[in-house]
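Let's take a friendly walk through a protein model and look at its spaces, its rings and a few of its residues. Keep the 3D view open as you read.

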Amino acid sequence: MTVAVVGGGISGLVVAWRLRSRGRDAVLLETTPRLGGAVGTRAQQGFLLETGPNSFLDREPAMRELASALNLEHRIRAADGAAKRRYVYTRGRLRSVPASPPAFLKSDILPFGAKLRVMGELFSGRAAAGVDESLADFGRRHLGPTATRVLLDAVQTGIFAGDVEKLSVGATFPQLVKLEREHRSLLLGAIHAQKAQAKAQKALPAGSTAPKLSGALSTFEGGLGTLIDALGTALGDAAHTGATVEGLTRGDDGWRLAVSERGQRSELKASHVVLAAPAYVTRGLLEPLDAELASRVGGIDYAPIAVVHLGFDAGTTPAPDGFGFLVPPMEKRRLLGAIHASTVFPFRVEAGRVLYTCMVGGATRPDLVALDEAALVALAREELRALAGVTATPTLTEVFRWKRGIPQYNVGHLERMDGVDRALTRLPGLHLAGNAYKGVGLNDCIRNGLLLADALVDAGA
């Protein structure tokens with residue numbers, strides 16, 4: 001019988017593609033007119049604009065495996081070397097983020113006393129067992145209050161656009177918790193990890209076929225939409241857009257989905273159902289089946305995000321240096337940060353143009369996302385002028401608004417997910433996928449999607 005995948009974002013696409021590539025009958029149902037969810041690329045006036053995520057780190061074997069299978073590996077484009085330089089707006093101006101411990105000691109990213117407190121991390125202790133600690137509490141224990149407000153909060157802002165006092169460190173940065181558990185000190189753990197990585201590289205046998213991951217910030221030629229287009233092409237008629245699942249019931253012979261597709265209503269039978277829609281949509285489908293499960297899934301918060309692109313003609317403003325900058329919430333600015341898109345990936349602009357991608361909103365300023373498009377463009381221009389000295393008039397402006405943009409893994413998220421996993425055992429053949437659960441990044445979604453599809457095949461789905 002068919003496996004029905006509900007939701008055509010990156011997670012749903014990967015699950016459906018993998019099932020079909022392994023010989024299983026799978027159909028994908030997406031309610032909107034296009035595939036990809038927040039991931040997409042648009043070409044306008046000599047600029048390539050990303051609608052949501054801008055890039056991925058080339059350190060995930062699952063991404064390379066997928067790219068290779070879709071014949072896209074040769075189209076992976078690494079960021080320009082300038083992208084290694086990053087900035088944080090703090091204490092009234094942009095300051096360079098140091099790339100090494102010696103550079104950190106010489107830098108002005110933190111006041112002298114705060115730098116000394118960071119070095120004191122070597123003497124940090126472990127958290128009490130079983131405590132789901134906030135990212136802020138974890139940071140203050142290890143790095144001190146200033147480094148937490150300036151650096152750690154800026155890092156999470158670039159990923160989650162969240163509230164550092166609410167985010168769970170175990171759910172958002174599990175590698176930090178692992179370092180603490182195994183080594184007590186994050187600095188000692190990082191030193192140990194570097195040595196282990198170097199040893200592992202030397203131990204690789206000659207002629208190893210393991211993916212050669214660069215670890216570089218990367219995208220695809222043509223933007224991230226290239227990946228979405230390739231998945232859609234591979235799925236062909238198995239991918240249905242404009243198809244809304246209005247109800248879900250379970251019987252002795254599997255699952256039945258009530259589907260409305262382009263004005264026509266039908267019933268689809270499936271042996272397994274993968275709900276890869278956003279958590280707030282999934283909640284509605286789960287409510288008649290299991291109220292407790294629906295409540296747990298529907299309780300996942302989202303941070304709203306507006307992506308504001310400002311494009312400038314060649315010669316009207318200097319090309320900015322580095323990847324871009326982040327603005328910690330403590331600065332009380334209206335911009336979360338900006339990506340120097342044309343510096344990071346020069347191929348995304350024509351003839352020396354300059355492209356800034358500005359992020360507005362997040363968990364700390366959700367009200368800003370409700371502004372109209374003209375107001376968001378004006379806000380981004382005013383903030384770029386104040387923070388980065390950009391005074392030129394853009395020739396291109398484009399806003400992509402996500403009222404429910406990034407899932408928030410707040411304190412309690414790990415317990416929530418344990419409850420979700422237990423509840424799913426009461427509904428055999430029903431599965432969840434997507435960035436609301438066990439990883440928000442593009443790499444996370446691809447890795448988890450492939451794992452789920454393989455598990456279904458191996459279990460005889």
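## The second largest pocket

In this predicted model, 18 residues line the second largest pocket, and those nearest its centre are Leu432, Ala433, Lys438, Asn448 and Leu452. The space inside this pocket comes to about 330 Å³.

Helix 16 gives the most, with 6 residues. Sorted by class, the lining has 9 nonpolar, 6 polar and 3 charged residues.

## An enclosed space

Rolling a probe the size of a water molecule over the atoms shows where empty space is left. How many cavities of 30 Å³ or more does the structure hold? There is 1, and the space in the largest cavity is about 30 Å³.

The residues around the largest cavity are Leu310, Phe312, Arg381, Leu384, Arg385, Val390, Thr391 and Ala392. Strand 15 and helix 14 (373-388) are the elements that each give two or more residues to this lining. The largest share, 3 residues, belongs to helix 14. By class, the lining of the largest cavity splits into 5 nonpolar, 1 polar and 2 charged residues.

## Aromatic rings that pair up

Now for the rings. The model has 6 aromatic pairs. One of them joins Phe160 and Tyr409: their ring centres are 5.9 Å apart and their planes meet at 55°, so this pair is called tilted. Why tilted? An angle under 30 degrees would count as stacked and one over 60 as edge-to-face, so 55° falls into the remaining class.

Where do these two residues sit in the chain? Phe160 is in the loop between helix 6 (145-159) and helix 7 (169-172), while Tyr409 is in the loop between strand 19 (396-407) and helix 15 (413-424). The pair therefore links distant parts of the chain, 249 residues apart. Are these residues buried or exposed? Phe160 is buried, with a relative accessible area of 3%, and Tyr409 is buried too, at 2%. Phe160 and Tyr409 also belong to an aromatic cluster together with Phe173.

A second pair to look up is Tyr280 with Tyr302. Their ring centres lie 5.1 Å apart with the planes at 80°, so the pair is edge-to-face. Tyr280 is partly exposed, with a relative accessible area of 33%, whereas Tyr302 is buried at 16%.

## Arginines over rings

Some rings have an arginine over the face. Arg86 lies over the face of Phe323, at 4.1 Å from the ring centre. Arg353 takes up such a position over Phe47, at 5.7 Å from the ring centre.

## Cysteines

A disulfide is a covalent bond between the sulfur atoms of two cysteines. How many disulfides are counted here? The count is 0. Two cysteines to find in the view are Cys358 and Cys445. Cys358 counts as buried because its relative accessibility is 0%, and Cys445 counts as buried at 5%.

## Residues with a positive phi

Most residues other than glycine have a negative phi, and most peptide bonds are trans. Ala161 has a positive phi, near 50°, and is not a glycine. Ala161 is found in the loop between helix 6 and helix 7, the loop that also holds Phe160. At 3% relative accessibility, Ala161 is buried.

Arg262 is not a glycine either, and its phi is positive at about 50°. Its place is the loop between strand 12 (254-261) and strand 13 (264-270). Is Arg262 buried or exposed? With a relative accessibility of 62%, Arg262 counts as exposed.

Technical notes:
Residues are numbered from 1 along each chain as its sequence is written. This is a predicted model: local features need pLDDT of at least 70, side-chain atom pairs count only at pLDDT 80 or more; totals for chains, interfaces and linings use all residues. Side-chain values use heavy atoms; hydrogens and water are left out. Rings of Phe, Tyr and Trp (its six-membered ring) pair if their centres lie within 6.5 Å; planes under 30 degrees apart count as stacked, over 60 as edge-to-face and the rest as tilted. Helices (H or I, at least four residues) and strands (E, at least two) are DSSP runs, numbered from the N terminus. Buried means under 20% relative accessible area, exposed over 50%, partly exposed in between (1.4 Å probe, protein chains only). A charge sits over a ring if NZ of Lys or CZ of Arg is within 6 Å of the ring centre and within 35 degrees of the ring normal. On a 1 Å grid over the protein atoms alone, a cavity is a set of points where a 1.4 Å probe fits but cannot get out, and a pocket is an open set with protein on both sides within 12 Å along at least five of seven lines; lining residues have an atom within 4 Å of a point. Grid points are joined across faces, edges and corners, and a volume is the space filled by probe spheres set on the points. Ala, Val, Leu, Ile, Met, Phe, Trp, Tyr, Cys and Pro count as nonpolar, Asp, Glu, Lys and Arg as charged, and the others, Gly among them, as polar. A disulfide is a pair of cysteine sulfur atoms within 2.5 Å.
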